[in-house]
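Biologist: I have a model open and want to learn how to read its packing. Where do we begin?

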Amino acid sequence: MHDRIYMDNHASTPTDPRVVEAMLPYFTERFGNAASQHLYGWEAQEAVERAAHEVAALLGVDAKEIVFTSGATESNNLAVWGAMEAARARGRHFVTTAIEHPSVLEVAAQLQEQGCEVTYVPADRSGVVDSAAVTAALRADTVLCSVMWANNEIGTLQPVEAIAAACRERGVLFHTDAVQAAGKVPIAAAARELDLISISGHKMCGPKGIGALSVRRRRPKVHLAPRTFGGGQQRGLRAGTLPVPLIVGLGEACTLCARELDAEAARVGGLRDRLWSQLSVSLDGVRLNGDLKRRLPGNLNVSFAGVEAEALLLELKWIALSSGSACASAEHKPSHVLLAIGLSAEEAHSSMRFGLGRFTTAQEVERVADAVVQTVTRMRETSPLAGRVVRS
C-alpha cells in the first residue's frame with residue numbers, strides 16, 4: 001500500500017494553512033455583511049478592501065480595479081462576454097487562440113452564435129503563440145483580444161506583453177487568463193499594458209470558490225456589461241453578497257505568493273527538471289510537450305509512446321496526476337491543446353500532465369519518477385504498440 005502523492009496542482013492546489021488561519025475569524029467572530037452599515041459590516045468591508053490591495057499588489061494594478069468573482073470561469077466569462085457586449089455598437093470581432101481554456105473558448109462559441117466573428121490564432125509545435133500572428137489578426141472592428149498567460153495543460157508562457165502592446169496601439173482591449181501564471185511567475189511589470197486580468201484562488205494555494213478580475217479604470221476605462229444583477233455591489237459589475245472569508249483567503253494567498261515567488265519558482269522548477277531528467281534518461285519513446293524554457297516552473301507534460309494515459313493513471317492511482325485539463329476530464333476526448341500543437345490523437349491519448357506545487361517534495365519526485373518508469377516499462381511489455389516505441 002502506497003502513501004498517496006499529489007501532483008495535479010494545475011487542477012487545484014491545497015489551501016495553505018496560513019490562508020486558512022487568516023480566513024477563520026471571518027466565518028465566526030467577524031461575520032458581517034460587507035454591505036451593512038454598522039460595525040460588523042464596516043469590519044467586513046475593511047477586510048474586503050485590504051484583500052483588494054493584496055490582490056492588486058500581486059498583479060501590479062490599482063486596488064479599485066479588482067472585482068471579486070466566484071473563480072476563473074466567471075472572471076473569463078465576465079471579461080470576454082462583458083467586453084464584447086458593451087462594445088456591440090462599435091465592433092463584433094474577437095481574437096483569441098486555439099489553446100485557450102474552455103471558459104474562454106466556450107464563450108467564443110456563444111459569441112459566434114450571436115453573430116460575432118472569432119479568429120483563432122494557432123500555436124506552434126512548442127505551444128507558443130506568435131505575437132506577430134496575433135497582431136496580424138487584429139482588424140478595425142476588433143473589440144477584444146484574449147490570450148492566456150500560461151497554458152493549463154502544457155504550461156507554456158505566451159508573449160503577453162508584446163501582444164498587449166500591439167492591441168493598445170490599435171485601440172483593441174486585451175484580456176489575459178492569468179489563472180495558472182499568477183503567483184508562479186512575475187506578471188506585475190507587464191500590467192501597464194493589460195486591460196483585463198483573470199485569476200483564481202484555488203490555483204495559488206487559496207480557497208475554492210473565489211477569484212478576481214482586474215478591470216482597467218483609466219487610459220482607457222474598460223466598460224463591461226454585467227452578467228449578474230441584484231444589489232449593485234462592486235460598482236454594478238458583479239452583484240451579490242461578498243463572500244468575505246473567501247476574499248480574505250484570496251488576499252492572503254496573493255500576499256504569500258508575492259513574498260515567496262522567486263524562491264518557490266526556483267525550488268519547484270528544479271524539482272520539475274529533476275523529474276524530466278529521470279523520465280527521459282530511463283525511458284525510450286518519451287516526448288516533452290511544450291517548450292521546456294518558456295514554461296511554468298511546476299509543469300511537465302509528457303507523452304509515453306505505446307501507453308494509454310488513462311490506463312497508466314489507473315495503474316498509478318495512488319498518485320494524483322492528470323491526462324489533460326480537469327475541466328474536460330469527463331469527456332475522454334484528446335486534448336484540444338495537444339492536437340493544436342500538432343500531436344496525433346494517439347499521441348495526445350498517451351500524454352500525462354505532472355503538476356508540481358508548493359508542497360511537493362524532492363522525495364515525492366523521486367518516488368513518482370521511479371513508479372512511472374517501472375509502470376510504463378511493465379505496460380509496454382504487454383502492449384500491442386510496444387514495438388513502435390523508438391528513442392526520443
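**Helices and sheets**

Modeller: Start with α7 and α11, which run roughly parallel to each other, because an angle under 35 degrees counts as roughly parallel. Keep in mind that this is a predicted model.

Biologist: How is a pair of packed helices described?

Modeller: Two packed helices are described by the angle between their axes and the distance between the axes. Here helix α7 covers residues 244-282 and helix α11 covers residues 362-381. They pack at an angle of about 20°. Their axes are 10 Å apart.

Biologist: Is the crossing of α7 and α11 left-handed or right-handed?

Modeller: The crossing is right-handed.

Biologist: Which residues of α7 and α11 make the contact?

Modeller: From α7, look at Leu271, Arg274, Leu275, Gln278, Leu279 and Ser282. From α11, look at Ala362, Val365, Glu366, Ala369, Asp370, Val372 and Val373. By class, eight residues of this contact are nonpolar, two are polar and three are charged.

Biologist: Now the sheets. How do strands of a sheet pair?

Modeller: Strands pair through backbone hydrogen bonds, either parallel or antiparallel. Take the open sheet of three strands, in the order β9-β10-β12. Its pairing is antiparallel.

Biologist: Which strands stand at the edges?

Modeller: β9 (286-288) and β12 (351-355) do. Each has a single partner strand, so one side of each is left without a neighbour in the sheet. Neighbouring strands are turned by 30° against each other on average, direction ignored.

Biologist: How many bridges pair β10 with β12?

Modeller: Five bridges, in the antiparallel sense, with β10 spanning residues 299-304.

Biologist: What is the strand order in the open sheet of seven strands?

Modeller: Read β2-β8-β7-β6-β5-β3-β4, with mixed pairing. The edge strands are β2 (66-69) and β4 (117-121), each pairing on one side only. Neighbouring strands in this sheet are turned by 20° against each other on average, direction ignored.

Biologist: What joins β2 to β8?

Modeller: Four bridges join them, and the two strands run antiparallel. β8 covers residues 211-215. Within β8, leucine 213 is the bridge partner of valine 67.

Biologist: Which strands does helix α4 lie across?

Modeller: Helix α4 (residues 102-113) lies across β3 (93-97), β4 and β5 (142-146). It runs at about 145° to β4.

Key: Residues are numbered from 1 along each chain as its sequence is written. This is a predicted model: local features need pLDDT of at least 70, side-chain atom pairs count only at pLDDT 80 or more; totals for chains, interfaces and linings use all residues. Side-chain values use heavy atoms; hydrogens and water are left out. Axes are lines fitted to C-alpha atoms, for helices over the stretch in contact, and angles run from 0 to 180 degrees between N-to-C directions. Angles under 35 degrees count as roughly parallel, over 145 as roughly antiparallel, 65 to 115 as roughly perpendicular and the rest as oblique. A crossing is left-handed if the near helix is turned anticlockwise from the far one by less than a right angle, and right-handed if clockwise. Contact means heavy atoms within 4.5 Å. Ala, Val, Leu, Ile, Met, Phe, Trp, Tyr, Cys and Pro count as nonpolar, Asp, Glu, Lys and Arg as charged, and the others, Gly among them, as polar. Two strands pair if DSSP finds at least two bridges between them.
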